[in-house]
Amino acid sequence: MTKAVSGLRIVSIGGGTGLSTLLSGLKAYVGAEDLEADSIETLTAVVTVTDDGGSSGRLREEFQILPPGDIRNCMVALAEDEHLLTRLFQYRFESDGDLSGHSFGNIFVAALAGVTGDFLEAIKVSSEVLAIKGRIYPSTIEDVTLLAEVEDGRILRGETRIVDSRSRIKRLWLSRADCRPLPETLEAIKQADIITIGPGSLYTSLIPNLLVHGIVEAINNSAALKIYICNIMTQPGETEGFSIEDHLRVLFEYSPELQLDYAIANSTLVTKASREKYLADGAVQVKFKAEPAPGTPAEQRRKIDVDGDSKHTIRVIREELLNETGLVRHDGHKLARLLLKIQRAERASALTIVNTQ
């Protein structure tokens with residue numbers, strides 16, 4: 001029996017529910033001792049910090065801290081089990097008072113930031129309280145705002161206004177073009193075996209991370225497998241009518257030097273009930289712009305030439321990744337297994353080349 005690959009180092013970049021879904025699947029392999037399973041040595045989440053809505057936005061404005069919401073969701077996703085403390089972190093107050101709408105976890109992180117005087121220390125202590133199986137870093141610790149020019153020429157300031165406008169985005173940028181990532185983030189990317197981008201809102205969860213100065217360069221300089229995970233459904237305004245190719249095109253538009261090895265896409269059709277529910281809100285399932293013709297060789301079926309000049313030719317893997325329980329989401333466990341399967345295949349291929357030389 002051949003022992004599986006062990007000691008993998010994974011960096012997952014994103015935000016929102018997409019990132020926390022992926023992390024919830026990957027955490028099962030952190031420190032795994034089963035010889036039949038791959039073991040993850042370190043799992044690092046790099047989280048966007050442009051959220052300015054809801055509880056996060058209110059705390060950000062009142063206490064001048066980074067938005068804790070996406071970071072809190074990642075903590076809960078990486079927690080060892082669903083014990084009472086984990087549920088407490090997700091508890092949201094409902095009342096007629098000032099606390100209404102706030103989550104306990106957000107307030108806890110904000111309080112720790114006040115006590116320690118350091119938002120990063122607040123993340124570290126909160127992570128220890130929840131005994132999470134990974135590390136969480138904000139994409140930058142600088143106070144940045146997301147700005148967008150939409151199709152009617154308006155300039156919108158703030159993630160919430162951009163999302164609520166439901167308008168096609170023409171241009172996106174950060175309020176501080178020179179903002180930088182943490183040295184720990186760059187080191188994690190450098191040492192990674194796998195780097196994932198997505199799933200998550202293309203313009204408001206993924207691209208803001210790549211706009212942080214030095215992130216794309218670090219990804220390109222890493223020897224890791226670089227994998228983009230495409231959303232299952234489009235988002236009204238933000239990616240309305242987008243195909244898989246369109247998602248990749250926009251990703252490269254904002255980070256033209258980005259190097260990717262694979263793109264992962266769900267192959268399962270959502271149910272009729274879900275199609276109708278999402279269509280009522282202007283969302284449809286993400287598909288290829290043009291499906292490969294019958295009889296196309298398998299190797300060609302797995303490639304997308306994004307920009308037409310072969311600068312970005314991506315190998316695409318389509319698998320059944322759907323978790324449809326009221327909302328259409330990826331299945332975190334299936335995603336995790338697929339990522340590890342890709343890594344094993346790449347390693348086996350590299351060993352074959354070495355052994356035949």
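By class, 11 nonpolar, 22 polar and 9 charged residues line the largest pocket of this predicted model; Ala, Val, Leu, Ile, Met, Phe, Trp, Tyr, Cys and Pro count as nonpolar, Asp, Glu, Lys and Arg as charged, and the others, Gly among them, as polar. The space in the largest pocket is about 970 Å³. Of its 42 lining residues, Gly-16, Thr-17, Ser-201, Gln-235 and Arg-329 are the closest to the centre. Two or more lining residues come from each of helix H1 (16–26), H2, H3, helix H7 (159–165), helix H9 (202–210) and strand E13 (327–330). A pocket here is an open set of points on a 1 Å grid over the protein atoms alone, where a 1.4 Å probe fits, with protein on both sides within 12 Å along at least five of seven lines; lining residues have an atom within 4 Å of a point. The volume is the space filled by probe spheres set on the points, which are joined across faces, edges and corners.

Residues are numbered from 1 along each chain as its sequence is written. Because the model is predicted, local features need pLDDT of at least 70 and side-chain atom pairs count only at pLDDT 80 or more, while totals for chains, interfaces and linings use all residues, and side-chain values use heavy atoms, with hydrogens and water left out.

The protein has 14 helices and 13 strands, taken as DSSP runs numbered from the N terminus (helices H or I, at least four residues; strands E, at least two). Of its 357 residues, 51% are buried (under 20% relative accessible area; exposed is over 50%, partly exposed in between, with a 1.4 Å probe and protein chains only). Among contacts (heavy atoms within 4.5 Å) with a separation of 6 or more, 72% are between residues 24 or more positions apart.

Helix H2, residues 54–63, has Ser-55, Ser-56, Gly-57, Leu-59 and Arg-60 as its buried residues. Their cover includes helix H3 (69–78) and helix H5 (104–116). Gln-64 is not a glycine, yet its phi is positive, about 55 degrees; its relative accessibility of 61% makes it exposed.

Rings of Phe, Tyr and Trp (its six-membered ring) pair if their centres lie within 6.5 Å; planes under 30 degrees apart are stacked, over 60 edge-to-face and the rest tilted. Phe-104 and Phe-108 are 4 residues apart in H5, about one turn of the helix. Their ring centres are 6.0 Å apart with planes at 35 degrees, so the pair is tilted. Phe-104 is partly exposed at 24%, and Phe-108 is partly exposed at 24%. Ring pairs join Phe-89, Phe-104 and Phe-108 into a cluster.

The rings of Tyr-203 and Tyr-254 have centres 6.2 Å apart and planes at 85 degrees, so this pair is edge-to-face. Tyr-203 in H9 and Tyr-254 in helix H11 (residues 244–254) are 51 residues apart, so that distant parts of the chain are linked. Both tyrosines are buried.

Two further backbone features lie in loops. Gly-198 and Pro-199 are joined by a cis peptide bond, with omega about 0 degrees, and Pro-199 is in the loop between strand E7 (194–197) and H9. Ala-131, in the loop between helix H6 (119–130) and strand E3 (135–138), has a positive phi near 55 degrees and is partly exposed at 35%.
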